[in-house]
Amino acid sequence: MPHLLDVALSATQLKRVPRSGWQMRGAPLGGQAENVAAHSYGVVFLTMLLLDLDPRPLDKLAALRLATLHDLAESLVGDLPAPLSRFLPTEYKHAAERAAMEAIVADFPLAADYLASWEAYNDGTSDEARLVKEADRLDMMLQAFHYEQAGQRNLNEFWESVTLASFETEAARALFGELLVRRAALL
């Protein structure tokens, strides 16, 4: 199954793609920035946690699939930093990532399913996609907290970009609220 191997190789390539937002800020101090695979694991774990705490009848498998695939395109295009959006329209970034996803799953028997899941995450219209986006934001903020615990102090723009209003689920709001309390105690 050569096509399966190609998809697996793309996924494991994420272990070598640094998260550019952290890298641009020199985080962690004197160390290597978190990679996309580590972030993706965090998103998958937080998705599972939020699903387990959510009383709605959500499609857990679909949500975990969205979480697993949400950054796969970055194995080819890299992690494009948020400040890039000032200079590159969102539709161009999405088109590049879509082309990367198509290349990754080309000739793979489940290509249409993987692409549809990836698009569902990006569309963000389903309850499952919105929950995964909350997990994505939570993972970013947990990582910011870890870096600040290690002494990093130039991450305020991350904290300013996410508020309690960024979360619609009770569990995500509660987790983020507790994280804000711990950050206040840390600083």
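Predicted model: local features only at pLDDT ≥ 70, side-chain atom pairs only at ≥ 80, totals over all residues.
Trainee: What makes the buried residues of helix 3 line one face of the helix?

Mentor: The buried residues are Val36, His39, Ser40, Gly42, Val43, Leu46, Thr47, Leu50 and Leu51. Seen down the axis of helix 3, they fall within an arc of 165 degrees, so they line one face. As a general point, an α-helix has 3.6 residues a turn, so residues three or four places apart point the same way. The cover over these buried residues includes helix 4 (60-69), helix 5 (74-77), helix 8 (127-149) and helix 10 (170-186), while the face turned away from the buried side carries the exposed residues Tyr41 and Asp52.

Trainee: Why is Asn35 called a cap of helix 3?

Mentor: A side-chain oxygen of Asn35 lies 3.0 Å from the backbone nitrogen of Ala37, at the N-terminal end of helix 3, and a polar contact requires such a pair to be within 3.5 Å.

Trainee: Why is Gln143 called buried?

Mentor: Gln143, which lies in helix 8, has 15% relative accessibility and therefore counts as buried, the cut-off being under 20%. Not counting residues up to four places away in sequence, Gln143 touches Trp22 and Glu34.

Trainee: How do you know that Glu128 has no salt bridge?

Mentor: Glu128 is found in helix 8 and is buried, yet the nearest side chain of opposite charge, that of Arg130, is 7.6 Å away, whereas a salt bridge needs a side-chain nitrogen of Lys or Arg within 4 Å of a carboxyl oxygen. Leaving aside neighbours within four places in sequence, Glu128 is in contact with Leu58, Asp59, Ala63 and Leu66.

Trainee: Why does Asp107 count as exposed, and what is its phi?

Mentor: Asp107 has 62% relative accessibility and so counts as exposed, the cut-off being over 50%. Its phi is positive, about 65 degrees, although Asp107 is not a glycine, and its place is the loop between helix 6 (90-105) and helix 7 (111-123). In general, most residues other than glycine have a negative phi, and most peptide bonds are trans.

Trainee: Is the peptide bond from Ala27 to Pro28 cis or trans?

Mentor: The bond from Ala27 to Pro28 is cis, with omega near -5 degrees, and Pro28 sits in the loop between helix 2 (20-24) and helix 3.

Definitions and conventions:
Residues numbered from 1 in each chain as written. Heavy atoms only, no water. Buried < 20%, exposed > 50% of the residue type's maximum accessible area, 1.4 Å probe, protein only. Helix = DSSP H or I, 4+ residues; strand = E, 2+ residues; numbered from the N terminus. Arc of directions from axis to C-beta. Contact = heavy atoms within 4.5 Å. Polar contact = N/O pair within 3.5 Å; in protein donor to acceptor, adjacent residues only side chain to side chain. Lys, Arg positive; Asp, Glu negative; His and termini not counted.
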